[in-house]
Amino acid sequence: MILRRFKVSGNSMEPALKHGQQVIGEKLSYYFRNPKCGDLAVVRHPNKNILIVKRIAGITGEKYFVEGDNKNASDDSRQFSFISRKNILYRVIQ
């Protein structure tokens, strides 16, 4: 599936994305380029069986550091460390 709709859960991405807001994720661009800093992405949480929306905040080799915009309310790489490229599934388009 190239395009998929996602519902934002929680306030970790505020002010960019609000709880309950729907966004579209697309896969096509990540077939042609790697995720880059600043991208909003749908990623697979490395420790839970859930998908989360986060911002790519850093890249080291093939590992990615993802963060929520609302740092006080985000479960992100500050807790679970870098994630691998295979866990970055969609680029969010609004």
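**Group meeting talk: a walk through one predicted model**

Hello everyone, let's begin at one residue: Asp76 sits in the loop between strand 5 and helix 2. Before going on, a word on what we are looking at. This is a predicted model, where local features need pLDDT of at least 70, side-chain atom pairs count only at pLDDT 80 or more, and totals for chains, interfaces and linings use all residues. Residues are numbered from 1 along each chain as its sequence is written, and side-chain values use heavy atoms, with hydrogens and water left out.

Is Asp76 buried or exposed? Asp76 is buried, at a relative accessible area of 0%. Buried here means under 20% relative accessible area, exposed means over 50%, and partly exposed is in between, using a 1.4 Å probe and protein chains only. Which residues does Asp76 touch, leaving aside neighbours within four places in sequence? They are Lys54, Val66, Glu67 and Gly68, where contact means heavy atoms within 4.5 Å. For a sense of distance, Asp76 and Ala16 are 60 residues apart in sequence, and their C-alpha atoms are 16 Å apart in space.

Side chains of opposite charge can pair when their charged atoms come close. I call it a salt bridge when a side-chain nitrogen of Lys or Arg is within 4 Å of a carboxyl oxygen of Asp or Glu. How many salt bridges does the structure hold? There are seven. In one of them, Asp76 pairs with Arg78, with the closest N and O atoms 2.9 Å apart. Arg78 is partly exposed, at 38% relative accessibility. Salt bridges also link Asp76 and Arg78 into a network with Glu67 and Lys71.

Next, look at Asp75, which forms a salt bridge with Lys48, the closest N and O atoms being 3.3 Å apart. Asp75 lies in the loop between strand 5 (63-67) and helix 2 (77-80), and Lys48 in the loop between strand 3 and strand 4, so this pair ties together parts that are 27 residues apart in sequence. Asp75 counts as partly exposed at 28% relative accessibility, and Lys48 counts as partly exposed at 45%.

One more pair: Arg55 and Asp69 meet through their side chains in a salt bridge, 2.8 Å from N to O. This pair links distant parts of the chain, 14 residues apart, with Arg55 in strand 4 and Asp69 in the loop between strand 5 and helix 2. Arg55 is partly exposed at 24%, and Asp69 is partly exposed at 25%.

Now to the nonpolar side. In soluble globular proteins, nonpolar side chains tend to be buried together. A nonpolar core, for us, is a set of buried Ala, Val, Leu, Ile, Met, Phe, Trp, Tyr and Cys residues joined through side-chain atoms within 4.5 Å. The largest one here has 11 residues, including Phe6, Met13, Leu17, Leu89 and Tyr90. Which elements give two or more residues to this core? They are strand 3 (40-44) and strand 7 (88-93), and strand 7 gives the most, with three residues. As for Leu17, its contacts beyond four places in sequence are Val8, Val23, Leu40, Val53 and Gln94. There is also a second, separate core of 10 residues, with Tyr30, Ile56, Ile83 and Ile88 among them.

Two backbone details deserve a stop. The peptide bond from Glu14 to Pro15 is cis, with omega near 10 degrees, and Pro15 is placed in the loop between strand 1 and strand 2 (22-26). Then there is Ser81, which has a positive phi of about 75 degrees although it is not a glycine. You will find Ser81 in the loop between helix 2 and strand 6 (83-84), and at 40% relative accessibility Ser81 counts as partly exposed.

Technical notes: Helix = DSSP H or I, 4+ residues; strand = E, 2+ residues; numbered from the N terminus.
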